[in-house]
Amino acid sequence: MLQTAPSASVKTQSGEPKIRVGVLGASGYTGADLVRLALGHPAMEITVLTANSHAGKPMADVFPHLGFVDLPGLTTIDDADWSSVDAVFCGLPHGTTQEITKKVLAEHPKIKFIDMSADFRLDNAETYKTWYGHEHQARDLQKEAVYGLTEHYREAIRSTRLVACPGCYPTASLLALLPIVKSGQVDASDIVIDAKSGVSGAGRSLKQNVLFTEAGEGMSPYSVAKHRHAPEIEQEVSKAAGADVLVNFTPHLIPMSRGELCTSYVRLAGGATADDLRKTLVDAYRDETFVHVGKPGVLPQTQNVRGSNYVQIGVFADRIPGRAIVISVLDNLVKGSAGQAIQNFNLMFGIEETTGLMQQPMFP
């Protein structure tokens with residue numbers, strides 16, 4: 001028997017009405033994981049699901065694993081009832097979010113938008129145009145968007161109505177790098193990031209490079225020296241360093257469904273050692289629920305965080321004098337996307353930040 005989705009009259013255990021949420025792009029992997037997590041959130045009620053190419057279908061037809069609960073039917077964005085939502089999670093392809101966000105917020109200014117695309121991540125509209133190939137369509141909104149790297153922008157996220165959630169690669173890289181760059185313990189002009197992601201990071205649309213026979217039993221670099229997450233990483237590392245910097249960033253596709261591993265090679269500065277870097281990271285994340293710095297010798301592994309909102313970081317001395325290796329892992333669909341989005345949602349609505357996110361990693 002199907003469990004019934006909460007009605008508008010259903011309240012949380014504290015007696016407060018549930019917060020009505022819409023998910024745009026619910027037929028993608030990110031949208032589906034957002035729905036999966038939202039169904040376990042005690043303060044959320046899903047009222048709108050959009051997927052233009054699947055409009056008119058039940059969610060179970062698109063994602064059978066979500067067929068055990070009663071969810072709203074999929075609709076087009078044009079047919080969505082914005083009066084029935086308090087918050088919107090946007091999992092649309094890059095380049096399609098700006099105009100929709102601008103239109104919805106103009107008509108319903110009290111709605112809170114949590115964008116999981118890249119459309120509001122870059123502060124500079126000209127940088128956005130360079131990397132995404134078209135003018136930014138909502139420059140005024142860009143000015144109020146807050147970069148949603150939760151552990152580093154928590155207070156600003158609490159007070160905004162528009163959060164630009166980071167990409168999965170930037171989340172993994174920046175959580176490992178920002179504290180040690182801010183501390184001056186590494187040379188920000190000499191950072192090399194070797195990044196690897198599961199195939200779900202490429203999205204659900206058909207592409208030759210993600211076919212089983214193309215992606216299986218091998219590993220492939222892609223977007224070498226031109227990946228769109230590079231300027232996002234550089235934007236935040238530059239803020240931490242207090243100067244404009246470039247990073248060497250190369251992503252790779254690994255034949256697994258989900259997970260991400262970023263290995264950052266850094267040059268030590270100011271007489272710092274790898275142990276100093278570890279201490280800085282431990283101090284930075286000592287009170288954080290989801291970011292864990294391993295003890296000396298502990299190797300981060302994607303299977304340690306699969307299906308969870310956790311990040312695991314390890315620091316190692318390089319054999320090359322004056323250098324260190326910092327490794328970070330996360331689930332690209334959870335902390336790298338939908339989970340971090342819910343973490344930000346919780347902050348925006350004054351809810352305990354970990355709510356709905358304490359599921360432990362799946363292993364094996």
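User: Which residues is aspartate 33 in contact with, leaving aside neighbours within four places in sequence?
Analyst: Arg258, Leu333, Val334 and Ala338. Bear in mind that this is a predicted model.

User: Where does aspartate 33 lie?
Analyst: In helix α1.

User: Buried or exposed?
Analyst: Aspartate 33 is buried, because its relative accessibility is 4% and the cut-off for buried is under 20%.

User: And how far is valine 334 from aspartate 33, C-alpha to C-alpha?
Analyst: 7.3 Å. Along the chain the two are 301 residues apart.

User: What does α1 pack on?
Analyst: A sheet, where α1 touches β1, β2 and β4. The direction of α1 makes about 160 degrees with that of β2.

User: What's the strand order in that sheet?
Analyst: β3-β2-β1-β4-β5-β7-β6. The sheet is open, has seven strands and shows parallel pairing. Its edge strands are β3 (74-75) and β6 (146-147), and each pairs on one side only.

User: How many bridges join β6 to β7?
Analyst: Two, with the strands running parallel. Valine 146 stands opposite valine 163 of β7.

User: Switching to the cores. Which residues touch the most other members in the largest nonpolar core?
Analyst: Leu34, Leu49, Met59, Phe89 and Phe345. That core has 41 residues.

User: Which elements supply at least two residues each?
Analyst: β1 (19-24), α1 (29-38), β2 (44-50), α2 (59-62), β4 (87-90) and α11 (334-348). The largest share, seven residues, comes from α11.

User: What does phenylalanine 89 touch, not counting residues up to four places away?
Analyst: Val21, Gly22, Val23, Leu24, Leu34, Met44, Ile114, Met116, Ala341, Ile342 and Phe345.

User: What other core lies apart from the largest one?
Analyst: One of 37 residues. Its members include Tyr147, Val181, Ala240 and Ile313.

User: OK, the mixed sheet. What order do its strands have?
Analyst: β9-β10-β8-β11-β14-β13-β12. This is an open sheet of seven strands with mixed pairing.

User: Why is one side of β9 and of β12 left without a neighbour in the sheet?
Analyst: β9 (220-221) and β12 (291-293) stand at the edges, each with a single partner strand, so one side of each has no neighbour there.

User: How do β11 and β14 pair?
Analyst: In the antiparallel sense, over eight bridges. Strand β11 covers residues 260-268, and β14 covers 323-330. Arginine 267 has arginine 323 of β14 as its bridge partner.

User: Which strands does α7 touch?
Analyst: β8 (186-198), β10 (248-254), β11, β12, β13 (311-317) and β14. Helix α7, residues 168-182, packs on the sheet, and its direction makes about 155 degrees with that of β8.

User: How many residues of β10 are buried?
Analyst: Six of its seven, so β10 is mostly covered. β10 pairs with β8 in the parallel sense over seven bridges, with leucine 253 the bridge partner of serine 197. On β9, the pairing with β10 is antiparallel, through two bridges. There, histidine 252 of β10 partners proline 221.

User: Back to β11. Is threonine 263 buried or exposed?
Analyst: Buried, at 9% relative accessible area. Threonine 263 sits in strand β11. Not counting residues up to four places away, threonine 263 touches Val192, Ile193, Asp194, Ile325, Val326 and Ile327.

User: What about leucine 330, buried or exposed?
Analyst: Buried, with a relative accessible area of 0%. Leucine 330 has its place in strand β14.

User: How far is lysine 103 from leucine 330 in space?
Analyst: 34 Å, C-alpha to C-alpha. In sequence they are 227 residues apart.

User: Last one: α10. Which of its residues are buried?
Analyst: Ala274, Leu277, Arg278, Thr280, Leu281 and Tyr285. Those residues fall within an arc of 160 degrees seen down the axis of α10, so they line one face of the helix.

User: Which exposed residues does the face turned away carry?
Analyst: Asp275 and Lys279.

Terms used: Residues numbered from 1 in each chain as written. Predicted model: local features only at pLDDT ≥ 70, side-chain atom pairs only at ≥ 80, totals over all residues. Heavy atoms only, no water. Buried < 20%, exposed > 50% of the residue type's maximum accessible area, 1.4 Å probe, protein only. Helix = DSSP H or I, 4+ residues; strand = E, 2+ residues; numbered from the N terminus. Arc of directions from axis to C-beta. Core = buried A, V, L, I, M, F, W, Y, C linked by side-chain atoms within 4.5 Å. Contact = heavy atoms within 4.5 Å. Pairing = 2+ DSSP bridges. Axes fitted to C-alpha atoms, helices over the stretch in contact; angles between N-to-C directions.
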